[in-house]
Amino acid sequence: MKILIIAEAQGAEVRHASRSAITLAKNAAAAANGDIEIAMIGDDIAAAATAASAYAPTFTLSDASLAHPTADRYGAAIAQIVKQRGAGLVIAASTSQGKDCVARAAAQLGGTMVTDATACENRDGKLVWQRTMHAGGVAAWVAAHGDTVVVTALQSACEPAEPTEKTSVTALDIDVASLPSAIQFESVSTKQSNRPDVTEAAVVISGGRAFKTADDYERLIGGLADKVGGGTGSSRAAVDAGIAPNENQVGQTGKIIAPDLYLGIGISGAVQHLAGMKNSKIIAAINTDDEAPLLDYADFALIADAYEAIPELIAKL
Amino acid sequence: MKILVPTKRVPDPDQPIHLNADKTAADLTGIPCVINPFDAIALEEALRIREEERSSAGSDIEIVAVGIGPQACEKEIRIALAMGADRAVHVVSDEYIDSWIASNLLKAVVDKEQPDLIIMGKQAIDADNNQAGQFLAHHLNWPQATFASEISFEGDRVKVARETDTGIENVSMELPAVITTDLRLNEPRYASLPAMMKAKRKQVDAYTPADLSVAVDPKVEIISMETLSAKRNCVRVNNVDELIVKLKEASVL
């Protein structure tokens, strides 16, 4: 079976989440005797494609009109690439782009799609997939029926693959002019942050409604994160209140993370938030409320006020 | 303009999940159900579009809610009507419906209803699939804007701010189109008791999948499920110094 990974470029590198998808693809290849290829779509992706070739032979579709991932255009392109390469299994990362564009491609490829896969297994000659449901409260094994199976890999469940020797990069022959373009990209406001992304950081400092203002959140949560070289996360409540930026939201419908250390400060621990961080290796909580649900899911807890504990942590670390 | 809003019935997310005897589905016996929270946001947005449109141009917007599932779904369909949908379509089925079948059923309803805009949740909070809107947009060959946090109209185009991993992305599309909603689009209203009474008289057209010529043949089937408990034995530390020691012992600092 041929397995095609839809990898995303991040500058001159392969995006971290895509490297996790490569790991799941390698597991699938080992379980089902498959061969792995990588496809990368975008504009100005030569360097990232060369980086991708250190994981598997890489095929590129590069064009100025593909600079932004609009779902109709990318979806049609992905479906054509999958058919051209004859792949029976397509694996992408569970990123916003993966969910948007790869799902649209999956519909064109027959509609068999497994979202947020965490593992796979060969049962009686057929791959079955494990995924989480119900805000991470349920793990399910699912069977995927169809000639082409499309899977998105949950980043937090798979360690990112390590590069080996660079292999080949080949440009695909796809008629870009014929791809649909009914979705018009207008602009994107990307965050300006020197911190690691919350999905990639080994340490995540996460803040909730205990912080009164966005300035306090940035000064305390951001300050502690910078002290330990970590990323910043937040509860939905803090995002909704305008205290933390949207892209920091950890939870069922935000980012799902599994860092080495998750430190939740002033976060009560709603079910939806727990779904996003409960698989972290070590979980610590600082809260004034000894009854906060997050404490049931933590390894260590300090009952303290965030405004006092964080400056002390920053001073002593 | 006509806006179609799929409203899925899901177990109340604040309730613990129990599984059925053969561990292939959630057991909803005695579990309160709600409109999928993202679909409630979608319906709220449709209602706001109608309210704004009426106050500005006076043009009429019709909002049609769609429920798919067993007879019990009628309860959540009536709630959608009480929130303000004009009428509803109920595709009645006791079968397991995956995202693919749901998208095919919705396509068949769209063919009958001919809406100009579909607004729906980005995912249902039970299956967490995040597929049906994208599948439906493909079936219709319509543009899509997933994860919407802001929707506005400019002439014959709809502009959508999308929540992506890296920040807010702005796109525009011509109608008809599919939009899926993210959390920060709005906060849905509650259905009042008088509105619930009035909703009883609103029209609900019922179809079976067979009426719509859609095969109920899932692409992704659940083999087994297990509930996960992630509770840990929490050690209370007394001060910041002790916390630092524990985290250093665990080699995470």
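Chain B and chain A bury about 6800 Å² between them. Carbon and sulfur atoms carry 55% of that area. The model is a predicted one. In it, 73 residues of chain B are in contact with 82 residues of chain A.

What holds charge against charge here? Between chain B and chain A the count is 6 salt bridges. One pair is Arg15(A) and Asp165(B), whose closest N and O atoms lie 2.9 Å apart.

Now look at the side of chain B that touches chain A. By class, this side has 35 nonpolar, 19 polar and 19 charged residues. Several elements of chain B each supply at least two of its residues. Among them are helix 4 (132-140), strand 7 (144-154), strand 8 (157-163) and helix 6 (240-249). Strand 13 (235-237) is another.

Strand 17 of chain A, residues 300-303, runs parallel to strand 13 of chain B, and 3 bridges join the two. Here Ala301(A) stands opposite Arg236(B).

Strand 7 of chain B has partners within its own chain. With strand 10 of chain B (residues 177-181), strand 7 pairs in the parallel sense over 3 bridges. Ala145(B) stands opposite Ile179(B) there. With strand 8 of chain B, strand 7 pairs in the antiparallel sense over 6 bridges. Phe153(B) has Val158(B) in strand 8 as its bridge partner. Strands 7 and 8 of chain B form a hairpin, with 2 residues between them. In the turn, Gly155(B) has a positive phi of about 65 degrees.

Conventions. Residues numbered from 1 in each chain as written. Chains lettered and ligands numbered in written order. Predicted model: local features only at pLDDT ≥ 70, side-chain atom pairs only at ≥ 80, totals over all residues. Heavy atoms only, no water. Contact = heavy atoms within 4.5 Å. Buried area = accessible area lost by both parts, 1.4 Å probe. Salt bridge = Lys/Arg side-chain N within 4 Å of Asp/Glu carboxyl O. Helix = DSSP H or I, 4+ residues; strand = E, 2+ residues; numbered from the N terminus. Nonpolar A, V, L, I, M, F, W, Y, C, P; charged D, E, K, R; others polar. Pairing = 2+ DSSP bridges.
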